[in-house]
Amino acid sequence: MQSYSRTAAATAILSLAIGAIGATAVRAQEPFIVVQSTTSTEQSGLFKHILPMFKQKTGIDVRVVAVGTGQALKNAERGDGDVVLVHAKAAEEKFVADGFGVKRLEVMYNDFVLVGPASDPASIDGGKDITAALTKIAGAKAPFASRGDDSGTHKAELDLWKPTGVDVKAASGDWYRSTGSGMGPTLNAAAGMGAYALADRGTWLAFKNRGPLKIVVEGDRKLFNQYGVMLVNPARHPHVKVKEGQAFIDWLTGPEGQSAIRSMKIEGEQLFFPNAPVADLKKAG
Amino acid sequence: MLDALDQGRQGGGTRARVGRPPMFPVEAQGITVRSDGRLLLDDVSLALTHGPRTVVMGPNGAGKSLLLRVLHGLVAPDAGTVNFAGRAADAAVVRRQAMVFQKPTLLRRSARANIKYVLGGLDRAARTAAADSILAAARLSHVADSPARRLSGGEQQRLAIARALALDPDILLLDEPCANLDPASTLAVEEMIDSARDGGAKIVLVTHDIGQARRLADDVVFLSGGRLAEHTPADRFFAAPCSAAAADFLAGRIHIPGGHDRR
Amino acid sequence: MVDLGSIIGLALGLVASGDTELYAIILLSLRVTLTAVLIGCLIGLPLGAALAVLRFPGRGAAVAVLNSFMGLPPVVVGLVVYLMLSRSGPLGVLGLLYTPTAMIVAQAILVTPLIAALARQSIADLHGEYDELFRSLRLGPARQIATLLWDGRYSLTTAALAGFGRAIAEVGAVIIVGGNIEHVTRVMTTTIALETSKGDLPLALALGMILVAISIGVNAMVLSLNRTAQRLAHA
């Protein structure tokens, strides 16, 4: 009797294990690609908006891994992805030059905004000059929350500090606070401590826990934020799904994808502005 | 084999022990056990033959339980040897012994499962049948399906003895099996010991219950302070013990080594 | 803005709405974690029992290592599994990264030491009781371990539940090896992390509440099954 229950238990355990593995195997059957991308595209809701359209057309499932641009490129270098969609032009060009990516195509842009507490301790609200605003923040030693995670936004922020001559590294831990986390957590932290922060507009628009934060500086040309897409180089990683990956890139930079991007809005505000070369050509023609 | 086992359990007389290794005499030679510089057993030598029920007696701390464990091979002595029919214990000899502890160690299973646990080499149905007949002989059929550890103290000890008997031992070692039992349970245990003897098992029983020793002993090994004070046939032991230590013990006096003359 | 009543209301609303996406996420969480705990038990219980029973040189060190592995940081485990399963890693050819299987592997590594360490403790206590009997019966280590695991099974569920608690609650490992991919590897904890990132704290909290409720439910279910089984075993 005891042995019967033991057999039953063993059978149950075995079938559970087989069931779990089996279910995983079945899932792996449908065609899919892995896209290494950024938190800004995921958290703003862009992928949720456009991917169903792509899937309906091609039947290809796009699995998005949303991390910082730096990590997305690193993951792709290791071969853990078929396509990369990120926003750090210099790093992307290096990625392609080093042979990890096939070709970089521009897809869309939006812009960065400088957000800060309504109390505005650095008195920069309403400014148009990001360099001047950052200089003032440093002068007032007003708290500034940085991503600090080697993401596209982080790289852009560091580039924006350069002309100010401020050594943010030296100020780290003082008024400059490196959160080492994604856009959302950094905004959460900034809201919590009344700090300024650089954010991409898409994430900011979709962000719900704004607290005292509002946009203080926007519209500077330096705040331009370009997104690029690349196929991971199959010469280096033979398992890369070239056909499906290229289909996604073609769709994204083609008229359908571009108009899908254009149609993505939050509270009536357009989040991303398509500017793929093909679309430009069409517009021109 | 099963028939022989059943017969044994039901007290059906001495079994023929065919094809089994010779076990007797059991000879302990110069057994010495030390712990933290203290001599727990000091050069104990004795020989046990198959027939008589041997009762090991002595005051607390005399080394009775330890001697039993050395005979059973649970404790390796610091010096000395234990031989069975002139040979050191091997796997075959060891398998022919069973031991019952003062506090019955029962598995967290039913009474029947505790018996089945030690029955090997049979198919499941045969094991259940064998276990049931062993339980019946121990008058434990009514609790066969009860968790062993929820039985009364007396039932637990009877179950432990029944499980030891299920091993069909040539030597049954019992370490104060009745220390915590009431008189009725003690009698029931003694009946089981007797029927095991009738079944052909050599009994080696540790006790400090003089009444029990009188009822069961054919010969008495008396230990005092880790030394063998005497090994005497029971009738002579109880009539006139050879050693002062045993005389003090039987008279209910605390024995002070070397102090007997003063009395 | 974040008051408890509205959070509970939100949580109940989410559950009542029958949102298939939410249920798919819950089911995936349970599937991943239960499978990981199962693997953790299959390895951890015999391992813990062996450490309780066997005497060998270095045993003390092995126990110390095992005990300290109870506190393995999930991110570190996630990272190591990521490096193993990455296409450039030694097991890259399997293509398991960013799949539920990868998450199961990571969580199994996370819970196995915990289950083994807790099992070792409870088996060691039982072994103390049984030791003389085992030695008297001259049982080999395999039979001893089997006996202890079987007789100790009701107290060993505590170890399994501890493993479940650790796995169902962790986010660090699954987010690295799973990638938090929608409809594929998104589980309760990574969803909560994502909603927190989006600043939707009420939704994140409501999901957290559902997760805690699931955890309580699983614990209650296992414990009552345990009690029933214990009763039936002695019926």
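**Domains and contacts**

Analyst: The centres of domain 1 of chain A and domain 2 of chain A, taken over C-alpha atoms, are separated by 26 Å. This is a predicted model.

User: Where do the bounds of domain 1 and domain 2 in chain A fall?

Analyst: In chain A, domain 1 is made of 31-109 + 225-284, and domain 2 covers 111-223.

User: How many residues of each domain of chain A are in contact with the other?

Analyst: 19 residues of domain 1 of chain A contact 19 residues of domain 2 of chain A. On the domain 1 side, H2 and helix H4 (69-77) of chain A each give two or more residues. H2(A) has the largest share of that side, with 3 residues. The domain 1 side divides into 7 nonpolar, 11 polar and 1 charged.

User: Now chains. How many residues of chain A are in contact with chain C?

Analyst: 28 residues of chain A, in contact with 25 residues of chain C. Helix H1 (2-27), helix H2 (39-43), strand E2 (61-67) and helix H9 (183-193) of chain A each give two or more residues to this side. H1(A) gives the most, with 5 residues.

User: And what is the chain A side made of, by residue class?

Analyst: 13 nonpolar, 10 polar and 5 charged residues.

User: Switching to chain B: at what angle do H4 and H5 cross?

Analyst: Roughly 115°, with the axes of helix H4 (residues 111-118) and helix H5 (residues 124-137) of chain B coming within 9 Å. H4(B) passes H5(B) in a right-handed crossing.

User: Which residues make the contact?

Analyst: H4(B) uses B:Ala111, B:Arg112, B:Ile115 and B:Lys116, while the residues of H5(B) include B:Arg127, B:Asp132 and B:Leu135. The contact divides into 5 nonpolar, 1 polar and 4 charged residues.

Definitions and conventions: Residues are numbered from 1 along each chain as its sequence is written. Chains are lettered from A and ligands numbered from 1 in the order in which they are written. This is a predicted model: local features need pLDDT of at least 70, side-chain atom pairs count only at pLDDT 80 or more; totals for chains, interfaces and linings use all residues. Two residues are in contact if their C-beta atoms, placed from the backbone, lie within 7 Å. Helices (H or I, at least four residues) and strands (E, at least two) are DSSP runs, numbered from the N terminus. Ala, Val, Leu, Ile, Met, Phe, Trp, Tyr, Cys and Pro count as nonpolar, Asp, Glu, Lys and Arg as charged, and the others, Gly among them, as polar. Axes are lines fitted to C-alpha atoms, for helices over the stretch in contact, and angles run from 0 to 180 degrees between N-to-C directions. A crossing is left-handed if the near helix is turned anticlockwise from the far one by less than a right angle, and right-handed if clockwise. Domain bounds come from an automatic or database domain assignment.
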